[in-house]
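Reader: I would like to go through the labels attached to this model and ask what each one rests on.

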Amino acid sequence: MTPLVGRWDGLSDALDLGVVVLDSTRHVRLWNRWIADRSGITATAAIGRPFGDVFPGVDDSRLADVIDDAITRGTSGVLSHTLHRRALPLHTCDASRSPIDQALRVVPTRVDDGRGCVVQVLDVTATVHRERALRNLHAELRTALASAQTAERTKAAFLANMSHEIRTPMTAILGYGDLLREVVADRPEALDHLATILRNGEHLLGLINDVLDLSKMEADGIVLHMVDVDLPELLRDVVETLAQPARAKGLGIELELDPGMPTRVRTDPLRLRQILFNLVGNAVKFTARGEIRLDARCIDPSDHVGRTRTLSFAVRDTGIGLDPAGTEALFAPFAQADSSTARHFGGTGLGLTIARSLAQRLGGTVEAAARSDGTHGAEFVCTIAAEIAAEDPSVKTGRGEPREEADLCGRRVLVAEDGADNRRLLRAFLEGAGAVVSFAENGEEALERVRAETTAYDVIVLDMQMPVMSGYDAARRLRAEGVRTPLLALTAHALPEDRALCIDAGCDDYLAKPIRRSALVDTLARLVTTRH
Amino acid sequence: MSAEPVNDASATPRAIAFTADERDAAAELFNIGMGRAAASLSRMVGDEVELSIPHVEILTVETLLERLAQQGVDDVSLVVQRFEGMFTGEALLVFPYEQSLELVRVLLSEATALEHITELERDVLAEVGNVLINACLGSLANVLGDEFAASTPAFESGAARNVLRRGRGIQEHVLFAEVRFSVRSRDLHGLVVFTLPLDSLEHFRASIARLLAR
């Protein structure tokens, strides 16, 4: 038998793949250099011998079937590297003699006067390695993603839980501190110490609220409560509240309302107030002398009811100013321009992150800039999209009006609260306002007391988180039993949706812990008078 | 003027269909080839693979696409081989995209679930397609008393209405065979489609009719 010459010769040796030509009797007729180098069998040794002799073990394999089909039936076949990684015993030419991963193609061809076939062998070792590495990477990424998602959920749950756990003792700390003020009224030094305790307590509470807000926002859990709002009143309230700390630093705050600004708009007042408090509060914090301006205007003014307009609130100060390159970083969580800033000026570094997220939920954003007029200081602009609401002169929120000192003289109050510290505190608050106070330690006890003396209580205060029977269940049971006494819910959860839960359970109003004396007494006084 | 080409999509198609008996006989003929293909696949995956062709039909590309759409099949992957003999055509093994991924996973007993076909899946599907198409071509060749030289397989994927219509008229007739795979107690299905000139299809149908008459 002779080797093939002519069109095959020379050309096949130049190829970077294995080429073997078999004739109709499956004898080797061509054996190129590639296959010779990698099989360790020379062309001289292979040519003229049956393929199955050259590679013992091939005879009973899928490769033999494919060769058979090509020669007897004229079909082409492929052997994938995945299913037949090493169909032939081939090794690299280097000293390592590593096995070669292969992909094979068998194509029928004319040899002499009969039909033979060409076997092509491709080295796919690199492809196999890459594919395997890719798959491992994919599996690792999946695992990493799953654990990251679990960690994220755990973190959110932890933050919400911690916030709850911290708010409850804060009630006792701030409440008792408040009470002590009267006890030590004649001792200036003690009053001073107490003021420090209370100030730090308030700061800690602000921090907890920020962290809770942020974790809720990350979980997309903030629910907006859109109502018609008297905008000038809301803005004046923000400015008036912050005027006091500003005055303490010798700063003035100016509110400028553009005449084109609509009076009533539809938005979430709680969240808008939170954004503006944050921006104006920051301005107070970072300004040593000069003044702060809050300019409110309507972009593209229109007084058509129901039209959505963009409202802009620009807060300008004469403070330390901003590094123009660092303004975007200010909005990243936990970032202040410099970590020493937090030590010097206080704050969590979450305020701007929260303000921007909230503004985005309200259809706008918050942007920072160095003052455009070139003077020292910073400018933060909050925009929101709001619908213009109809004027409603009958609605008065009453905010800002001087309030009479409320009193609960002779009112009978039942308080269901499981924490002993908080019971003592509430007793002090309520008895201080002249109320007659009874206590229950859980919802069930409260129910029993009410059943025993139904008409006796003027108002019932329910802590929502209690053992045995929660405040929610107690409220539902009381209402189901036809008890119409006003119910005030106390909860450590400070979110608007918690309020809805309390109201749904049958409560008339809601206060979030820590409970302030004035808020508690005012609310109870209002509940008692509206019901009686 | 020359005679109108038989295969012009715009021309009124000549009605061509199997009788019930012919359909059964055609399925039986294709199944003969499946035994060998199943043996090859079993050897490849080191586990028993069963193959069957329960159903063979002649229908238009349009009807085929309508059926796939009714079954909710949108994306498909397919292996195509060109063949030449007494006539030239294409043989396609078509899988709903999800089924093709599932088939590879089952064949390789692979736990990692990739959402997309990569090189590895392409290779495996091309070889599976190669085995099946060659077996079917063998059956076709036996009936027609001819043999076909087939090219090596190529892989394609995409929306069924695009990849199956490429280079084909919507009214063009195809020979269609449903294929069932049973491997490692999983059942998967695909379909084999032969695009042949109408004359050849008619020739194939007539050959089956002759076999039945014998």
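**Rings, cores and the interface**

Author: Both Phe83(B) and Phe194(B) are buried. The model is a predicted one.

Reader: What makes Phe83(B) and Phe194(B) an aromatic pair, and why is the pair called edge-to-face?

Author: Their centres are 6.3 Å apart, and the limit for pairing is 6.5 Å. The planes stand at 70 degrees; an angle over 60 counts as edge-to-face, so the label follows.

Reader: Which parts of chain B does the pair tie together?

Author: Phe83(B) belongs to strand β2 (residues 75–84) and Phe194(B) to strand β7 (residues 186–195), so the pair joins parts that are 111 residues apart in sequence.

Reader: Why is the pair of Phe51(A) and Phe55(A) called edge-to-face?

Author: The planes of Phe51(A) and Phe55(A) are at 90 degrees, with the ring centres 5.7 Å apart, so this pair is edge-to-face. Over all chains, the count is 8 aromatic pairs.

Reader: How do you know whether Phe51(A) and Phe55(A) are buried or exposed?

Author: The relative accessible area is 4% for Phe51(A) and 3% for Phe55(A). Buried means under 20%, so both residues qualify.

Reader: What puts Arg356(A) over the face of Phe331(A)?

Author: Arg356(A) is at 3.6 Å from the ring centre of Phe331(A), and the distance limit is 6 Å. The arginine is listed as lying over the face of that ring.

Reader: Which residues touch the most other members of the largest nonpolar core?

Author: They are Leu175(B), Phe181(B) and Phe194(B), in a core of 59 residues. Helix α4 (residues 119–144) of chain B gives the most to this core, namely 14 residues. Leaving aside residues up to four places away in sequence, Phe181(B) has contacts that include Leu41(B), Phe95(B), Val128(B) and Leu132(B).

Reader: What makes Arg36(B) and Asp69(A) a salt bridge?

Author: The closest N and O atoms of Arg36(B) and Asp69(A) are 2.4 Å apart. The cut-off is 4 Å, so the pair meets the rule. Across the interface of chain B and chain A there are 5 salt bridges.

Reader: How many residues take part in the contact, and how much area do the chains bury?

Author: Chain B contributes 32 residues and chain A 27 residues. Between them the chains bury about 2,500 Å², with 45% of it on carbon and sulfur atoms. Arg36(B), Arg43(B) and Glu127(B) supply 22% of the area that chain B buries against chain A, more than any other three residues.

Terms used: Residues are numbered from 1 along each chain as its sequence is written. Chains are lettered from A and ligands numbered from 1 in the order in which they are written. This is a predicted model: local features need pLDDT of at least 70, side-chain atom pairs count only at pLDDT 80 or more; totals for chains, interfaces and linings use all residues. Side-chain values use heavy atoms; hydrogens and water are left out. A nonpolar core is a set of buried Ala, Val, Leu, Ile, Met, Phe, Trp, Tyr and Cys residues joined through side-chain atoms within 4.5 Å. Buried means under 20% relative accessible area, exposed over 50%, partly exposed in between (1.4 Å probe, protein chains only). Helices (H or I, at least four residues) and strands (E, at least two) are DSSP runs, numbered from the N terminus. Contact means heavy atoms within 4.5 Å. Rings of Phe, Tyr and Trp (its six-membered ring) pair if their centres lie within 6.5 Å; planes under 30 degrees apart count as stacked, over 60 as edge-to-face and the rest as tilted. A charge sits over a ring if NZ of Lys or CZ of Arg is within 6 Å of the ring centre and within 35 degrees of the ring normal. Buried area is the accessible area (1.4 Å probe) that two parts lose on being put together, summed over both. A salt bridge is a side-chain nitrogen of Lys or Arg within 4 Å of a carboxyl oxygen of Asp or Glu.
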